[in-house]
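The report below describes a predicted two-chain model, with attention to the criteria behind each term. It begins with a sheet and then turns to confidence, helices, backbone geometry and the contact between the chains.

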Amino acid sequence: MTPERPPSRGAVAIIVLGFVVLALVQVSMLDFIPTPWAVPDLVVVAVLALAIARGPLAGGLVGAWAGLILDLIPPAAGPLGGWMLVLAVAGAVLGRVAESYRPGPIAAMLLLSATAGVTVLLRGAVVWFAGSPAPGPILGSAVVGALWALVLAPLALLLVSRPARTVENVAVRLPTGDGSDPRSGVGAQ
Amino acid sequence: MAWRSTRVLVGAVVAAAVLLILVDMRGTGPTDALRGIGGAVAGPPERALSWVRTQAGQRLGGSAADQERIAVLEEQLAQARAAAGAAAAGELTADQTKELAASAPAQGYAAVAARVVSVTAAQDPVRSVAVSAGSGQGIRPGLAVVAADGLAGIVDSVSPQVSTVRLVVDPATQVAARVASSGEIGVFRGTGSAGRFELLDPLGAMAAGDLIITLGTPSRDLPAGLPLGRVAAVSGSAADLTRAAEVAPAVDESTLDRVLVLMPEPRGEGAS
């Protein structure tokens with residue numbers, strides 16, 4: 001895996017803006033999908049994919065930014081900082097694991113999916129800590145959330161892997177960015 | 001070396017997040033201002049995206065004209081019910097209706113119509129929505145948000161164009177309520193997917209099918225007599241210290257779309 005370089009200021013701006021767009025699409029559109037227990041979560045999958053591609057530092061910092069965005073935009077009513085904590089920890093830990101074990105494509109997908117399930121549980125724990133009574137069917141939500149993440153994982157990992165490895169100036173291009181061809185993404189390892 | 005600096009930086013953001021949570025748990029403060037900024041920035045695009053979503057939904061789901069007509073009728077129904085308070089709430093007898101009307105300041109409320117623009121994910125234990133009306137229309141935290149079938153939630157935070165509404169099923173929701181038929185009072189709490197009503201007096205009458213309504217607050221922000229739900233099952237006997245009931249919510253959160261935010265009008269103006 002490539003050593004982590006500090007991303008340029010422009011790259012950070014692109015990442016933050018990209019996560020704002022992802023979060024808005026999530027709460028205004030995807031969250032309305034009437035599936036039981038869990039819906040596909042773009043923000044969580046994007047953070048975890050970046051953590052796998054870029055390591056613990058990028059995973060932790062991107063997770064913190066993305067979480068803060070989720071904490072601030074309506075309809076957020078949970079503890080402010082709750083998503084920030086969950087995604088920073090998940091991104092950093094997953095980044096560290098991926099850096100140590102260097103999973104292949106299939107293992108990376110499974111790892112991302114399992115971590116997405118764990119984030120559902122972590123989120124429940126943080127909300128519970130902040131004073132709400134224990135929520136209902138959270139295990140079911142974690143399982144369905146992990147399955148949705150598994151569906152989204154291949155695309156997310158393709159989109160973050162190529163730009164992160166080859167383009168130096170624009171360090172990371174996000175899944176929402178245009179112009180990147182996902183089909184030419186993998187291989188190269 | 002690199003791993004050590006990573007640890008320091010990640011530790012710093014984690015500590016910052018924990019600090020934010022602790023500050024937020026202390027109640028009103030700087031975190032409300034932060035939420036207001038978030039709402040001011042995200043409000044307009046959320047409204048736009050929500051408009052796109054409803055348009056796409058109409059294209060996919062049958063005749064747009066029919067759906068529009070249904071939506072208009074639903075809104076009229078919600079308005080009529082909000083105006084009539086508990087009277088239209090369900091199977092109340094004439095006497096009960098009269099009694100409720102006497103205790104409920106159902107008149108004297110202005111209603112602001114709004115639509116749901118965003119919701120929390122199904123896997124999120126926090127149950128809240130954002131609606132397309134904000135402090136620009138005079139909305140403030142604590143106001144009641146009603147749908148056609150009863151109380152949908154309570155305004156939690158506001159920004160100029162959108163407000164965040166904590167739904168009645170949210171685990172942090174807690175409102176004074178009563179059994180409509182017997183008048184017994186108690187506390188209604190959200191459980192995440194439904195509600196739980198706890199009688200203050202364990203000897204009070206309560207049975208499956210009973211309608212649970214709001215008691216109202218002295219500030220009049222939350223009117224009395226708004227339906228919360230129906231008793232699905234009663235747990236505990238009269239011999240227990242507390243008796244509680246599972247409550248099936250009156251308002252289905254999964255189909256929530258058009259709502260009214262009720263704003264108390266100052267007393268003594270045009271009344272009586």
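## The barrel of chain B

In chain B, six strands close into a barrel whose order is β1-β2-β5-β4-β3-β12, with antiparallel pairing; strands here are DSSP runs of E with at least two residues, helices are DSSP runs of H or I with at least four, and both are numbered from the N terminus. Two strands are taken as paired if DSSP finds at least two bridges between them. Neighbouring strands of this sheet are turned against each other by 45° on average, direction ignored. Strands of a sheet pair through backbone hydrogen bonds, either parallel or antiparallel.

β1(B) can be followed to two partners. Seven bridges join β1(B) to strand β12 (residues 258-264) of chain B in an antiparallel run, and within β12(B) the bridge partner of R115(B) is R258(B). Three bridges join β1(B) to β2(B), which also run antiparallel, and there V116(B) has V131(B) as its bridge partner. The loop between β1 and β2 of chain B holds D124(B), which counts as buried because it has 29 C-beta neighbours inside 10 Å; a residue is buried if 20 or more other C-beta atoms lie within 10 Å of its own, exposed if 12 or fewer, and partly exposed in between, with C-beta atoms placed from the backbone. D124(B) is 68 residues from G192(B) in sequence, while their C-alpha atoms are 9.3 Å apart in space.

## Confidence and conventions

This is a predicted model, in which local features need pLDDT of at least 70 and side-chain atom pairs count only at pLDDT 80 or more, whereas totals for chains, interfaces and linings use all residues. Residues are numbered from 1 along each chain as its sequence is written, and chains are lettered from A and ligands numbered from 1 in the order in which they are written.

The model scores ipTM 0.79 and pTM 0.81. For chain B the mean pLDDT (the predictor's confidence in each residue, from 0 to 100) is 82, and 79% of its residues reach 70 or more. Two residues are in contact if their C-beta atoms, placed from the backbone, lie within 7 Å. Where pLDDT is low, the predicted coordinates should not be read in detail.

## Helices of chain A

Chain A has six helices and zero strands, and buried residues make up 56% of its 189 residues. Among contacts in chain A between residues at least 6 apart in sequence, 70% join residues at least 24 apart.

Helix α2 (residues 42-54) of chain A has 13 residues and should span 18 Å at 1.5 Å a residue, which agrees with the 18 Å between its end C-alpha atoms; the expected span is 1.5 Å times one less than the number of residues. In α2(A), 13 of 13 residues are buried. Helix α1 (residues 9-28) of chain A packs against α2(A) at an angle of about 145°, with the axes 8 Å apart; axes are lines fitted to C-alpha atoms, for helices over the stretch in contact, and angles run from 0 to 180 degrees between N-to-C directions. In this contact F19(A), L22(A), A23(A), V25(A) and Q26(A) of α1(A) meet L42(A), V43(A) and A46(A) of α2(A).

## Backbone exceptions in chain A

Most residues other than glycine have a negative phi, and most peptide bonds are trans. W37(A), in the loop between α1 and α2 of chain A, has a positive phi near 75°, and its 19 C-beta neighbours inside 10 Å make it partly exposed. R102(A), in the loop between α4 and α5 (105-129) of chain A, has a positive phi of about 45° and is exposed, with 12 other C-beta atoms within 10 Å. The peptide bond from P74(A) to P75(A) is cis, with omega near 10°.

## The contact between the chains

At the interface, 46 residues of chain B are in contact with 47 residues of chain A. On the side of chain B that touches chain A, α2(B) gives the largest share, 12 residues.
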